[in-house]
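Welcome! Here is a short briefing to read alongside the sequence and the 3D view.

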Amino acid sequence: MSGMVQVFIGVGSNVDRERYIRAGLNALAREFGELQVSPVYESEAVGFDGSPFLNLVVGVRTGKTVAELSRCLKSIETDHGCQANARRFSPRTLDLDILTYGDLGQPRDGVDIPREEILLNAFVLRPLADLAGGCRHPVDGRTYRELWQSYRSDQKLWPVDFRWP
């Protein structure tokens with residue numbers, strides 16, 4: 001794919017949360033320049049018993065391929081203490097997930113795009129709806145605002161006062 005593509009990235013942490021979220025945002029800004037940043041939410045850990053997470057969504061424009069972007073995000077995670085072989089449902093210093101890549105609606109380079117969690121988890125969908133409410137899910141077709149309005153789950157999340165930079 002050539003040219004610049006709009007990408008949305010899920011950002012989360014449940015270990016020294018504010019420190020690692022700030023560090024992750026700083027690293028993303030160094031890599032991509034200007035960031036679009038959603039409000040930050042606190043949510044319970046999903047899939048395991050653990051400390052609550054802070055979650056948000058960041059929008060960037062990039063010329064990187066999906067594979068290059070995935071490697072870049074994994075490198076940032078590793079630089080900030082995330083173990084490459086960590087179990088899926090476990091504490092995280094910094095978790096960076098490609099949620100969408102332009103209007104791509106199928107897996108590419110071993111990365112599920114769009115990420116399934118958009119439709120499943122409030123901590124992904126709510127900040128995405130806040131940041132890009134008028135954008136459409138590449139497969140479902142509804143806007144993220146419409147998806148959030150129709151979202152039904154017992155997952156709880158709370159807005160938190162978080163300032164960056």
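What should the 14 residues of α2 span at 1.5 Å a residue, and how far apart are its end C-alpha atoms? The 14 residues should span 20 Å and the end C-alpha atoms are 20 Å apart, which agrees; the expected span is 1.5 Å times one less than the number of residues in the helix.

Before going on, please note that this is a predicted model, in which local features need pLDDT of at least 70, side-chain atom pairs count only at pLDDT 80 or more, and totals for chains, interfaces and linings use all residues. Residues are numbered from 1 along each chain as its sequence is written, and side-chain values use heavy atoms, with hydrogens and water left out.

Some terms will come up again and again:

- Helices (H or I, at least four residues) and strands (E, at least two) are DSSP runs, numbered from the N terminus.
- Buried means under 20% relative accessible area, exposed means over 50%, and partly exposed is in between (1.4 Å probe, protein chains only).

- In α2, the buried residues are Val 66, Ala 67, Leu 69, Ser 70, Cys 72, Leu 73, Ile 76 and Glu 77.
- These buried residues of α2 pack against β1, α1 and β5, where contact means heavy atoms within 4.5 Å.
- Just after α2 comes Gly 81, with a positive phi of about 90 degrees.
- The helix α1 has 16 residues and reaches 22 Å from its first C-alpha to its last, close to the 22 Å expected at 1.5 Å a residue.
- Buried in α1 are Tyr 20, Ile 21, Ala 23, Gly 24, Leu 25, Ala 27, Leu 28 and Phe 32, and the buried residues of this helix pack against β1, β4, α2 and β5.
- After α1 comes Gly 33, whose phi is positive, near 85 degrees.
- As background, an α-helix has 3.6 residues a turn, so residues three or four places apart point the same way.

**Nonpolar cores**

- A nonpolar core is a set of buried Ala, Val, Leu, Ile, Met, Phe, Trp, Tyr and Cys residues joined through side-chain atoms within 4.5 Å.
- The largest nonpolar core has 28 residues, and those touching the most other members are Val 7, Ile 9, Val 11, Leu 28, Val 58, Leu 96 and Tyr 101.
- Two or more residues of this core come from each of β1 (5–13), α1 (17–32), β4 (53–62), α2 (66–79) and β5 (95–101).
- A second, separate core has 16 residues, including Val 57, Phe 123, Val 124 and Ala 129.

**A glycine in a strand**

- Gly 59 lies in strand β4 and is buried, with a relative accessible area of 2%.
- Leaving aside neighbours within four places in sequence, Gly 59 is in contact with Gln 6, Val 7, Phe 8, Glu 34, Leu 35, Gln 36 and Leu 131.
- Gly 59 and Gln 155 are 96 residues apart in sequence, and their C-alpha atoms are 24 Å apart in space.

**Rings and cysteines**

- A search of the whole structure finds 1 aromatic pair: Trp 148 and Tyr 151 are stacked, at 5.3 Å centre to centre with 15 degrees between the planes.
- Rings of Phe, Tyr and Trp (its six-membered ring) pair if their centres lie within 6.5 Å; planes under 30 degrees apart count as stacked, over 60 as edge-to-face and the rest as tilted.
- Trp 148 is partly exposed at 23% relative accessibility, while Tyr 151 is buried at 13%.
- Arg 22 lies over the face of Phe 162, at 4.5 Å from the ring centre; this requires NZ of Lys or CZ of Arg within 6 Å of the ring centre and within 35 degrees of the ring normal.
- The whole structure has 0 disulfides, a disulfide being a pair of cysteine sulfur atoms within 2.5 Å.
- Cys 72 is buried at 11% relative accessibility, and Cys 135 is partly exposed at 36%.

**Backbone details**

- Most residues other than glycine have a negative phi, and most peptide bonds are trans.
- The peptide bond from Ile 113 to Pro 114 is cis, with omega near -5 degrees, and Pro 114 lies in the loop between β5 and α3 (117–120).
- Another cis peptide bond joins Trp 164 and Pro 165, with omega about -5 degrees; Pro 165 lies in the segment after β6 (157–160).
- Asp 16, in the loop between β1 and α1, has a positive phi near 45 degrees.
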